[in-house]
Amino acid sequence: MEKREATMSSWSPERNQSPGGLEPCLSRTLLLLLIIVAPSAQGVTPNPEACQVFQLENGSSVNCQPPAKFLSYLRADTVYLAVEFYNLTQLPPDMLRDMSNLQELHLSNNGLKNLSAKFLLPVPQLKVLDLTRNALTQLSPGLFQNSAALHTVVLTENQLEVLEASWLYGLKALGHLDLSGNRLRTLPPRLLANFTDLRILNLGHNQLETLPSDLLRGPLKLERLHLEGNRLRTLEEGLLVPQPNLHHLFLSNNQLAMVAASTFRGLKQLDMLDLSNNLLTSVPRGLWTSLGKPGAARDMKDGFDISGNPWICDQNLDDLYQWLVDNKDKMFFRNHTCCAEPKAMKGKTLLAAAISHLKPEAGVEMGRDGVAEHCTPLSN
């Protein structure tokens, strides 16, 4: 398994249904196709100063980009509204007035610095809010006071340095929270205490060095956790224990040098694990007990990646060696996962080291199984 699948993308809102019963990304793709294809099919030249308006079964879809004057196109029956790529630092606080049926609101790629606490009051049926790539440094307390139906909140690539639990009060149906690409250094305790239905949490590409020990004690159904691209040095013992249904765990590109033996204990549904590009030299015995095969409840069907770590390939990796041989078919970049020490092993693949160590018992021939003895550089 030398290529990572698209499952590692951060914006993949499984189960997030659009007003017409489609996933948000799919519905947006179809709308964009309509914008491009429909006018040309009818021999009509699109007016660049007009928003694209389409009638859906349950209301109107309005898609606005510069130079369209979007305020002129806001309709009472709008269920989907996109106002994107404007140089806006703020929006009129009453912009959504009389749009009580709105279910998706996309405000990405603007320059928004804040939203009024009353901004979302008129849209109690809102299910998707996308604020990607703005300039938000905080959220107004009370912003979500009338947002009990809101399922997906995307705040990717803003300028959040701190986060207050009170900013999220009112999100009773939250299933997908994306805070990736901000500047968060710490998280407050009990941040997710009331979000029992949360399934996707993305905290990737921030500046987090530690995580609150109670971070995951609120959600009961978490399936996907993104912590990649931070500065984590260790994982608190017991951090993941409350999440037995976790399917995908992303921890790449941190500074992890130690992982407790019980870290993955109880994760019997895990399908994907990414520990690549950390500082791991060894791992404790028993770390892999509940993961992969044989005897585990789940066989890591979407694979695992432990490349980019400075592995010390000695007898202390006995436990890992056996696990690698048992699960080698699920291993990403197995010819690029290398031994850094001792000197005699430097440059050899970790899997080759494992097979050599276990050869009398494993009965595996490296050549026959496509296992390279020496590491090859990853191409860009």
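Is Cys338 buried, exposed or partly exposed? At 24% relative accessibility, Cys338 counts as partly exposed, where buried means under 20% relative accessible area, exposed means over 50% and partly exposed lies in between, computed with a 1.4 Å probe on protein chains only. The structure is a predicted model, in which local features need pLDDT of at least 70 and side-chain atom pairs count only at pLDDT 80 or more, while totals for chains, interfaces and linings use all residues. Residues are numbered from 1 along each chain as its sequence is written, and side-chain values use heavy atoms, with hydrogens and water left out.

Strands, like helices, are DSSP runs numbered from the N terminus, a helix being H or I with at least four residues and a strand being E with at least two, and two strands pair if DSSP finds at least two bridges between them. Within the sheet, strand β5 (residues 128-130) and strand β6 (residues 152-154) run parallel and are joined by 3 bridges; Val128 has Thr152 in β6 as its bridge partner.

Strand β9 (residues 224-226) contains His226, which is buried at 0% relative accessibility. The side chain of His226 makes a polar contact with the side chain of Arg224 at 3.0 Å, and another with the side chain of Glu228, also listed at 3.0 Å. A polar contact here is a pair of N or O atoms within 3.5 Å; within protein, one must be able to donate a hydrogen and the other to accept it, and residues adjacent in sequence count only if both atoms are side-chain atoms.

The disulfides come next. Taking a disulfide as a pair of cysteine sulfur atoms within 2.5 Å, the count comes to 3. One of them joins Cys51 to Cys64, with an S to S distance of 2.0 Å, and this link is right-handed, with 115° about the S-S bond. Cys51 lies in the loop between α1 (24-41) and β1, whereas Cys64 lies in strand β2 (residues 59-64), and the two are 13 residues apart. Cys51 is buried with a relative accessible area of 7%, and Cys64 is buried with a value of 0%.

Cys313 and Cys339 form another disulfide, their sulfur atoms 2.0 Å apart; the torsion about its S-S bond is about -95°, so this disulfide is left-handed. Because Cys313 lies in the loop between β13 (311-312) and α2 (318-326) and Cys339 in strand β14 (residues 339-341), the pair ties together parts that are 26 residues apart in sequence. Both Cys313 and Cys339 are buried.

The cysteine of the opening question, Cys338, forms a disulfide with Cys375, their sulfur atoms 2.0 Å apart, and with -125° about the S-S bond this link is left-handed. Cys338 is in the loop between α2 and β14, and Cys375 is in the segment after α3 (350-362), 37 residues apart. Cys375 is partly exposed, with a relative accessible area of 21%. When the bonded cysteines of the protein are numbered in sequence order, the pairing reads 1-2, 3-5, 4-6.
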